[in-house]
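Let's take a friendly walk through a protein model. Have a look at the structure first, and then we will go through some of its parts together.

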Amino acid sequence: MKLGRLNHIGVATPSIADSIVFYRDVMGATKIHEPFDLPEQGVKVCFVDTPGADGALNGTQIELIEPLPGNASIAAFLEKNPNGGQHHVCYEVPDIHSAKAEFEALGKRVLGEPRIGAHGTLIFFVHPKDMGGVLTEIMETPQH
């Protein structure tokens, strides 16, 4: 397993609308994508682009995550962190199935089978207790 590009940092929020105002007005974000529902994951998400090394808006994204009704995991996170906060980090891999097999061979707890994530590519999560205390999303590198 080789560390891939840090694709995004997931930030749970009780209100994507309020978070958009924060990232625009306080953090100076200039490219905020339109929020959309991801019902199969029980969340609404919104991506905020950050600058890359060359100054273009191709850096690591911030993924704002708001629970939809019935989502227990993000709702539970927000119960413990009412103002929201960092939920997970997401790294890219070239082959999701090979990455899953490698994590499992190392004894890491993969949370579920690969499924389509917010970028339209396959993802899975690895338990934070096996990842230095950080909930970690692994996603197949998007083919732009």
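A residue counts as buried when its relative accessible area is under 20%, as exposed when that area is over 50%, and as partly exposed in between. Keep in mind that this is a predicted model. With those words in hand, look at Phe 103 and Phe 124, which are both buried.

Let's begin with helix H1, which spans residues 16–26. Which of its residues are buried? They are Ile 16, Ser 19, Ile 20 and Tyr 23. These residues lie on the same side of H1, because they cover an arc of only 105° around the axis. Among the elements that cover them are strand S1 (6–12), strand S3 (43–48) and strand S4 (61–67). Now turn to the face that points away from the buried side: here you find the exposed residues Ala 17, Asp 18, Asp 25 and Val 26. Just after the helix, Gly 28 has a positive phi of about 75°.

Val 26 also belongs to a nonpolar patch on the surface, together with Phe 22 and Met 27. The accessible area of this patch is about 310 Å². Phe 22 itself is partly exposed, because its relative accessibility is 38%.

Next come the aromatic rings. A pair of such rings is described by the distance of the centres and the angle of the planes. How many aromatic pairs are there? The count is two. Tyr 23 counts as buried, because its relative accessibility is 15%. Phe 103 and Phe 124 also pair edge-to-face, at 6.1 Å between centres and 80° between planes. This pair links distant parts of the chain, 21 residues apart: Phe 103 is in helix H3 (residues 96–105) and Phe 124 in strand S7 (residues 122–126).

Finally, let's turn to charges. Side chains of opposite charge can pair when their charged atoms come close. The structure holds six salt bridges. In one of them, Glu 104 meets Lys 100, with the closest N and O atoms 2.8 Å apart. These two are separated by about one helical turn, because they are four residues apart in helix H3. Lys 100 counts as buried at 11% relative accessibility, while Glu 104 is partly exposed at 39%. Both take part in a network of salt bridges that includes Glu 113. Another salt bridge joins the side chains of Asp 130 and Arg 109, at 2.9 Å from N to O.

Technical notes
Residues are numbered from 1 along each chain as its sequence is written. This is a predicted model: local features need pLDDT of at least 70, side-chain atom pairs count only at pLDDT 80 or more; totals for chains, interfaces and linings use all residues. Side-chain values use heavy atoms; hydrogens and water are left out. Patches are made of residues with over 30% relative accessible area and no salt bridge: like charges are joined within 9 Å, nonpolar side chains (Val, Leu, Ile, Met, Phe, Trp, Tyr) within 5 Å. Accessible areas come from the Shrake-Rupley method with a 1.4 Å probe; for residues, only the protein chains shown count as cover. A salt bridge is a side-chain nitrogen of Lys or Arg within 4 Å of a carboxyl oxygen of Asp or Glu. Buried means under 20% relative accessible area, exposed over 50%, partly exposed in between (1.4 Å probe, protein chains only). The arc is that of the directions from the helix axis to the C-beta atoms. Contact means heavy atoms within 4.5 Å. Rings of Phe, Tyr and Trp (its six-membered ring) pair if their centres lie within 6.5 Å; planes under 30 degrees apart count as stacked, over 60 as edge-to-face and the rest as tilted.
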